Amino acid sequence: MSRSHLILGAFVTAGALVFGTAPAVAAPVEATTTSSVGAPAASSVVPRALAEAAPDQAEVTHKPWRQKRPSWCSPTSVQLSLRTFGVKVTQDTLAEQMNTDSVGTDAADLNRVYNGYLNDLGYEMNRVDGRDPEVLMDAVAHDVGVLGKAVPMGIRGSQASWIDTDSNFGHVVSVRGYDRGAGTITIWDPSADGYGGHHVVSVADLAKASQQNGLAFVTKP
């Protein structure tokens, strides 16, 4: 796989995604796709019974870590998620395990490492298509409202309402809250740049920014 560009693509159907560094200047970055590299199977539907068990609103907290390096959004967002599962692991360890480099992290490596930790705890992760607002809200409501966990989500920087850029770069944030009545989802963007931090985003806007199969959907079998 060429790593000369930040790669935007589907987790399963069109290829792998490199979650990487947002350019300092808002210049377009070429979008590229590669063949599938074996990411977890995606599910287009969240079982309604799982979502119905969730309260109308909920939020979980985690330490508000920023990514230590510009390309470390994946290790940081997984670190944040795992802390809500009671797992303490450093960004450095996760970056090494995910083979993260100065460009970013391959989706397959993020999935492999994250799912490995989850499996040890009796959970499993699949991908759901966060581009559908209803599916997105249902999945977040289950993970945050029922399980009480934050989860990583892959987004496209150029479509994110809280990022002022035209650049086509992959990025990962932590999804940690929701409000069904208000139609909002709460995220923590780990970027050390000005757009990083706490954001409350409409589910429609977050769905617009989502990568195909971009949301990590965690269940307890």
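Author: The expected span of a helix is 1.5 Å times one less than its number of residues. The model discussed here is predicted. In it, helix 4 covers residues 107–120.

Reader: How do you know what length to expect of helix 4, and what does the model give?

Author: Helix 4 has 14 residues, and at 1.5 Å a residue 20 Å is expected. From its first C-alpha to its last, helix 4 reaches 20 Å, which is close to that expectation.

Reader: What makes helix 2 largely enclosed by the rest of the structure?

Author: A residue is buried when its relative accessible area is under 20%. Eleven of the twelve residues of helix 2 are buried, so this helix is largely enclosed. They are C73, S74, P75, T76, S77, V78, Q79, L80, S81, L82 and T84.

Reader: Why is helix 4 also called largely enclosed?

Author: Ten of the 14 residues of helix 4 are buried, and therefore the rest of the structure largely encloses helix 4. Among them are A107, A108, D109, L110, N111 and V113. Y114, N115, Y117 and L118 are also buried residues of helix 4.

Reader: Why is helix 2 called roughly parallel to helix 4?

Author: The axes of these two helices come within 11 Å and cross at roughly 15°. Angles under 35 degrees count as roughly parallel, so helix 2 is roughly parallel to helix 4. The contact is made by S74, V78, S81 and L82 of helix 2 with L110, Y114, Y117 and L118 of helix 4. The crossing of helix 2 and helix 4 is right-handed.

Reader: Which residues just after these helices take a positive phi?

Author: Just after helix 2, G86 has a positive phi of about 85°. Just after helix 4, the residue is G122, with a positive phi of about 90°.

Reader: What makes the phi of N99 worth a remark, and is N99 buried or partly exposed?

Author: Phi of N99 is near 60°, a positive value in a residue other than glycine. N99 sits in the loop between helix 3 (91–97) and strand 4 (104–106). Its relative accessibility is 46%. Buried needs under 20% and exposed needs over 50%, so N99 counts as partly exposed.

Reader: Where is N213, and what is its phi?

Author: N213 is placed in strand 10, residues 210–219. Its phi is positive, about 55°, although N213 is not a glycine.

Reader: How do you know whether N213 is buried or exposed?

Author: The relative accessible area of N213 is 6%. Buried means under 20%, and therefore N213 is buried.

Reader: Why is T184 called buried, and which residues does T184 touch?

Author: T184 lies in strand 8, residues 184–189. With a relative accessible area of 18%, against a cut-off of 20%, T184 is buried. Not counting residues up to four places away in sequence, T184 touches M137, Y178, D179, V200, V201, S202 and V203.

Reader: What share of the protein is buried, and how many helices and strands are there?

Author: Of the 221 residues, 57% are buried. There are six helices and ten strands. The accessible surface comes to about 8800 Å², with 49% belonging to carbon and sulfur atoms.

Terms used
Residues are numbered from 1 along each chain as its sequence is written. This is a predicted model: local features need pLDDT of at least 70, side-chain atom pairs count only at pLDDT 80 or more; totals for chains, interfaces and linings use all residues. Side-chain values use heavy atoms; hydrogens and water are left out. Buried means under 20% relative accessible area, exposed over 50%, partly exposed in between (1.4 Å probe, protein chains only). Helices (H or I, at least four residues) and strands (E, at least two) are DSSP runs, numbered from the N terminus. Accessible areas come from the Shrake-Rupley method with a 1.4 Å probe; for residues, only the protein chains shown count as cover. Axes are lines fitted to C-alpha atoms, for helices over the stretch in contact, and angles run from 0 to 180 degrees between N-to-C directions. Angles under 35 degrees count as roughly parallel, over 145 as roughly antiparallel, 65 to 115 as roughly perpendicular and the rest as oblique. A crossing is left-handed if the near helix is turned anticlockwise from the far one by less than a right angle, and right-handed if clockwise. Contact means heavy atoms within 4.5 Å.
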